[in-house]
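Here are a few friendly notes to read alongside the model.

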Amino acid sequence: MLDPKWIRSDADELASKLLKKKFTLDTAWIAELDSQRKALQLATEALQNERNSRSKMIGKAKAAGEDITKILSSMENMKAELEQKKEQLASLQSKLHEYLAGVPNIPDDSVPEGDDESANQLVSTWGEPKTYDFEIKDHAALGEALQQGLDFAAATKITGSRFVIMQGRMAQLHRGLIQLMLDIHTREHGYREVNVPYIVNAQSLFGTGQLPKFEDDLFKLRGDHEYYLIPTAEVPVTNLIRDEILDPENLPLKFVCHTPCFRSEAGSYGKDTRGMIRQHQFEKVELVQIVAREASASALEELTGHAEKILQLLELPYRKVILCGGDLGFAAAKTYDLEVWLPSQNCYREISSCSGFTDFQARRMQARTRDAAGKPQLVHTVNGSGLAIGRTLVAILENYQDAQGRVKIPNALVSYMQGIEYLE
């Protein structure tokens, strides 16, 4: 959430910056609402002062033995009027808060202009896509043909479309990927592993920016409580610091967390319906850093590098792009996407998004630290996938296939597969 004081003092500058995200800030409406708020606030304060003054008059009148009936009557009327104005003021403030909750974060100056993903800018590439002297298969065909592989039909029978069942060696490979990522991020990159609930409340989703704007993308549970399944571990992990004032000596905080993720994929019908690219349930190893504001930019670069390390260990060709303003997420100020090469599609596909959020999430969560003078200031948050497990599995199946329909196990994963070198 953006600073309301900034919006009130310089809405035009803010509106100009938000145009890069293709968001039009209603400055006229904000100015009118703020004008009404100021007038109402002044009237409320004047009425409160008058009521206080008359309270003092009662004491003097009593001491002088005078009749205070009229004064009491007038104060009753003032009390009712004061309550009415307070309600009106609360209503105006609620309207402004509701509107501001839907205003996206300001894009960083380094974010390129552009309307959609076609304007994203290439930063770097790593590895060379392989060439094959046989007809390649996509991951769905490969996985279904393996003796211990992927079963989409059974998942559809049990639940519905956009789910999958993994069996035997495939399930082991999926588990091995999770363990490899957790091991690297905890042992080499200095993250603390956390295990969190997969169900969160609405306040947590507001804190990280999913609510209220993206409720249609969430799975909401029925019952007495307003609970949701998590769309990403970012939500529960980042909310660990909600309503906290963190000791600056303990920053940065670096968390890694493996969870399932649940997304309704609202508005994506017809996209990637085959296979595991876009599912309602998938798993990720998520990286989260909580840092002081001056460390924000370097933390994003570091975290992105940690996600890249996994792709390099698995020897999967990928590229790194910076998202343009029109493709940038609601809460993000800057995002790098890591896109892995998929031979069956002859293109790179997203496998990780690493984003810096400046103090946008922290303001919604009231997550703070203290500056050098001891004054509370908002922290900055950074997170990214390190990596998405399902899409990493997809990339391994397609990039490591051979002419016999086997899939070679990447060297970094052989020890997690008890020495098995191929999925047969």
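1. Which residue forms a salt bridge with Glu188? Lys309 does, with the closest N and O atoms 3.0 Å apart. A salt bridge here is a side-chain nitrogen of Lys or Arg within 4 Å of a carboxyl oxygen of Asp or Glu. The pair joins distant parts of the chain, 121 residues apart: Lys309 is in helix 10 (residues 296–313), while Glu188 is in the loop between helix 7 (168–187) and strand 4 (192–193). Helices (H or I, at least four residues) and strands (E, at least two) are DSSP runs, numbered from the N terminus.

2. A word on where these values come from. This is a predicted model, in which local features need pLDDT of at least 70 and side-chain atom pairs count only at pLDDT 80 or more, while totals for chains, interfaces and linings use all residues. Residues are numbered from 1 along each chain as its sequence is written, and side-chain values use heavy atoms, with hydrogens and water left out.

3. Are the partners in that pair buried or exposed? Lys309 is partly exposed because its relative accessibility is 25%, and Glu188 is also partly exposed, at 49%. The cut-offs are under 20% relative accessible area for buried, over 50% for exposed, and partly exposed in between (1.4 Å probe, protein chains only).

4. Another pair to look at is Glu226 with Lys220, a salt bridge whose closest N and O atoms are 3.6 Å apart. Glu226 has 43% relative accessibility and so counts as partly exposed; Lys220, at 47%, is partly exposed as well.

5. Lys320 and Glu308 form a salt bridge too, with 3.9 Å between the closest N and O atoms. Lys320 belongs to strand 9 (residues 318–322) and Glu308 to helix 10, so this pair ties together parts 12 residues apart in sequence. Both Lys320 and Glu308 are buried.

6. How many salt bridges are there by this rule? The count comes to 19. Some share partners, joining Arg8, Asp34, Arg37 and Lys38 into one network.

7. Lastly, please look at Gln401, in the loop between helix 12 (389–399) and strand 15 (407–408). Gln401 counts as buried because its relative accessible area is 6%. Its side chain reaches the backbone oxygen of Glu398 at 3.0 Å, and a polar atom of that side chain lies 3.0 Å from the backbone oxygen of Lys137. Leaving aside neighbours within four places in sequence, Gln401 is in contact (heavy atoms within 4.5 Å) with residues including Tyr132, Phe134, Leu142 and Val407.

Conventions: Polar contact = N/O pair within 3.5 Å; in protein donor to acceptor, adjacent residues only side chain to side chain.
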